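Reader: Happy to look at this one with you. Could you walk me through the terms as we go?

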Amino acid sequence: MQTILIALALLLLDSSPVATGKASYYAHAFAGRRTASGERYRPADFTAAHRSFPFGTLLLVTRLDTNDSVIVRVNDRGPFVRGRIVDLSRAAADRLDMVRAGTCRVSVRRIQESSVLTDSATEAIFPEVFTSDTPAIAVVSWPSGESLR
């Protein structure tokens, strides 16, 4: 099942270029606060802040030194720290094993915009992005030397 969902995500990858830079994650103090989209931030959800992608856009975020990847849904704006390209929820940061360091180098690639698939279809394909449940399909370790491109 994990392989099928990641393969589907790779098929849906947008033709936009891959951005690389630093990722950070939301501090626990932000739990329950409203995001720019109006949703409340939930540390257990797989969400992210990005400066320009539309709310609802799914992103494939890959940690460059380990090749671990996680799928997140944009629901906030940011980060507003120079050199950072995405702020991740605590759940996404845990999956990328970046909590201790606080930041890590990542690549970010759009999977699809929310208008490409209906909300119910997107939720059916990527349920871990829309619920506080955390199934084991959200992270994949790619064999060294393989590329997502």
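Reader: How do the residues of the lining of the second largest pocket divide into nonpolar, polar and charged?

Author: There are eight nonpolar, two polar and four charged, where Ala, Val, Leu, Ile, Met, Phe, Trp, Tyr, Cys and Pro count as nonpolar, Asp, Glu, Lys and Arg as charged, and the others, Gly among them, as polar. This is a predicted model: local features need pLDDT of at least 70 and side-chain atom pairs pLDDT 80 or more, while totals for chains, interfaces and linings use all residues. Residues are numbered from 1 along each chain as its sequence is written, and side-chain values use heavy atoms, leaving out hydrogens and water.

Reader: Why is Ser107 called buried?

Author: Its relative accessible area is 11%, and buried means under 20% (exposed is over 50%, partly exposed in between; 1.4 Å probe, protein chains only). Ser107 therefore counts as buried. This serine is found in strand β6, strands being DSSP runs of E with at least two residues and helices runs of H or I with at least four, numbered from the N terminus.

Reader: Which residues is Ser107 in contact with, leaving aside neighbours within four places in sequence?

Author: Val18, Ala19, Thr20, Leu60, Val61, Thr62 and Leu64; contact means heavy atoms within 4.5 Å.

Reader: What does Leu88 touch, not counting residues up to four places away in sequence?

Author: Its partners include Tyr25, Tyr26, Val61, Val72, Leu96 and Met98.
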